[in-house]
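Q: Could you take me through this complex? I would like to begin with the chains and then turn to individual helices and residues.

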Amino acid sequence: MQELQIPLAFGLGAFPAALAIGIIGGKAMDAIGRNPEASGKIQTSMILSIAFTEAIAIYGLVMALILKFVG
Amino acid sequence: MTQLHISIAAEEIAKLGSITVTNSLLTSWIVVAVLVFLFIKLSSSVREIPSVKQLLIELPIEMIYLLCRSIAGRKAAIFFPYIVVFFLFILFSNWSGLVPGVGSILVKSHEEMVPLLRAPTADLNLTFALALVSVGLIQYQGVKSQGIKYFGKFFSLRPAKAFIGFLELVSELSKILSFSFRLFGNIFAGEVLLVVIAVLVPVIAPIPFYGLELFVGFIQALVFSMLTLVFFNLATVRHEEED
């Protein structure tokens with residue numbers, strides 16, 4: 001179990017975030033396909049939403065790095 | 001894997017009086033010096049008909065300005081100086097970790113070999129400081145545009161509003177955490193990735209990852225400054241106007 005804590009800390013954090021980023025990207029593509037003129041605005045809000053989502057995966061990553069390299 | 005030298009904290013390389021100089025601190029001084037030198041030199045020779053050098057700097061900065069305009073509208077002129085400084089400092093800090101020699105030149109400190117230089121944003125202290133400055137400026141912009149009424153968002157006597165105010169307070173604090181961890185996590189993970197790939201396959205294989213890290217460094221600088229801008233914008237909107 002000790003060995004598993006690092007991969008689990010990152011893996012469980014990254015899995016839903018990866019799904020969510022896929023959904024955000026796909027929906028943004030849909031939106032750009034329907035309304036290509038609005039692509040600039042869509043891209044900005046898409047990147048912001050992805051940044052929020054990705055932060056959650058990054059928490060897991062930071063935890064995994066701390067477990068691996070500290071103490 | 002024992003020969004890998006990875007440290008999650010920046011390492012001490014010298015002491016100036018009571019101040020500990022870490023390798024990240026040294027690199028951030030170099031980044032600031034480069035930026036200041038570059039812009040003082042260029043601003044002394046600004047002309048109406050730009051030279052090629054002036055044009056090369058003006059173009060990206062104008063693109064950032066147009067992006068600010070599309071988000072903040074007419075308030076962009078007030079916010080732009082903060083945003084562009086955040087953007088340029090973080091961008092150059094992120095990219096400084098990719099310069100050959102950063103992380104690979106070692107010096108002796110406390111009987112141990114440590115890297116002389118390290119990307120500033122790969123140190124949690126610096127990203128946390130940046131996040132504090134950013135969230136502090138958000139409160140400053142809020143107070144500047146709405147006066148004391150800005151804090152009405154956080155504190156209220158009506159129970160339902162008081163609860164929402166408490167949530168707003170928590171979200172303000174979590175902004176500090178998410179700003180600092182996002183930047184630190186991305187850049188430090190990039191450094192670790194490059195080291196691991198370089199140990200596994202030393203030739204050719206690291207090249208695409210350098211490209212990826214250039215891209216990640218740019219995107220993270222953009223995300224940090226754009227989020228700051230969006231929060232500036234939210235803080236300066238009066239709530240009566242919304243209804």
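The conversation below goes through the two chains, their contact and some selected residues.

Q: What kind of model is this, and how is it numbered?
A: This is a predicted model, in which local features need pLDDT of at least 70 and side-chain atom pairs count only at pLDDT 80 or more, while totals for chains, interfaces and linings use all residues. Residues are numbered from 1 along each chain as its sequence is written, and chains are lettered from A and ligands numbered from 1 in the order in which they are written.

Q: How many helices and strands does chain B have?
A: Chain B has seven helices and four strands. Helices (H or I, at least four residues) and strands (E, at least two) are DSSP runs, numbered from the N terminus. In sequence order the pattern of chain B is β-β-α-α-α-β-β-α-α-α-α.

Q: And what are the dimensions of chain B?
A: Along the principal axes, its C-alpha atoms fill a box of roughly 60 × 55 × 40 Å. Of the 243 residues of chain B, 28% are buried. A residue is buried if 20 or more other C-beta atoms lie within 10 Å of its own, exposed if 12 or fewer, and partly exposed in between, with C-beta atoms placed from the backbone.

Q: What about chain A?
A: Chain A has two helices and zero strands. Its C-alpha trace spans about 55 × 20 × 10 Å along the principal axes, and 18% of its 71 residues count as buried. The radius of gyration of chain A is 16 Å, whereas a compact globule of 71 residues would be near 11 Å. That radius is taken over C-alpha atoms, and the globule rule is 2.2 Å times the number of residues to the power 0.38.

Q: Which residues touch the most other members of the largest nonpolar core?
A: They are Leu61(A), Ile90(B) and Phe224(B), in a core of 46 residues. A nonpolar core is a set of buried Ala, Val, Leu, Ile, Met, Phe, Trp, Tyr and Cys residues joined through C-beta atoms within 7 Å. The largest share of this core, nine residues, comes from H6(B).

Q: What does Ile90(B) touch?
A: Not counting residues up to four places away in sequence, Ile90(B) touches Thr121(B), Gln220(B), Ala221(B) and Phe224(B). Ile90(B) is also among the buried residues of H3(B).

Q: Where is H3(B) kinked?
A: The kink, of about 25°, is centred on Tyr82(B). The bend at a residue is the angle between axes fitted to the seven residues ending there and the seven starting there. H3(B) covers residues 76-96, and its 29 Å from first C-alpha to last is close to the 30 Å expected at 1.5 Å a residue. The expected span is 1.5 Å times one less than the number of residues.

Q: How does H2(A) look?
A: H2(A) has 31 residues that should span 45 Å, and its end C-alpha atoms are 42 Å apart, which agrees. H2(A) bends by about 25° at Ile56(A). Its buried residues include Ala51(A), Glu54(A) and Leu61(A), and what covers the buried residues includes H1 of chain A together with H5 and H6 of chain B.

Q: A change of topic: is Ile204(B) buried or exposed?
A: Ile204(B) counts as exposed, because it has 7 C-beta neighbours inside 10 Å. Ile204(B) lies in the loop between H5 and H6 of chain B and has a positive phi of about 60° although it is not a glycine.

Q: And what is Val230(B) in contact with?
A: Leaving aside neighbours within four places in sequence, Val230(B) is in contact with Leu48(A) and Ile71(B). Val230(B) is in helix H6 of chain B and is partly exposed, with 16 other C-beta atoms within 10 Å.

Terms used:
Contact = placed C-beta atoms within 7 Å.
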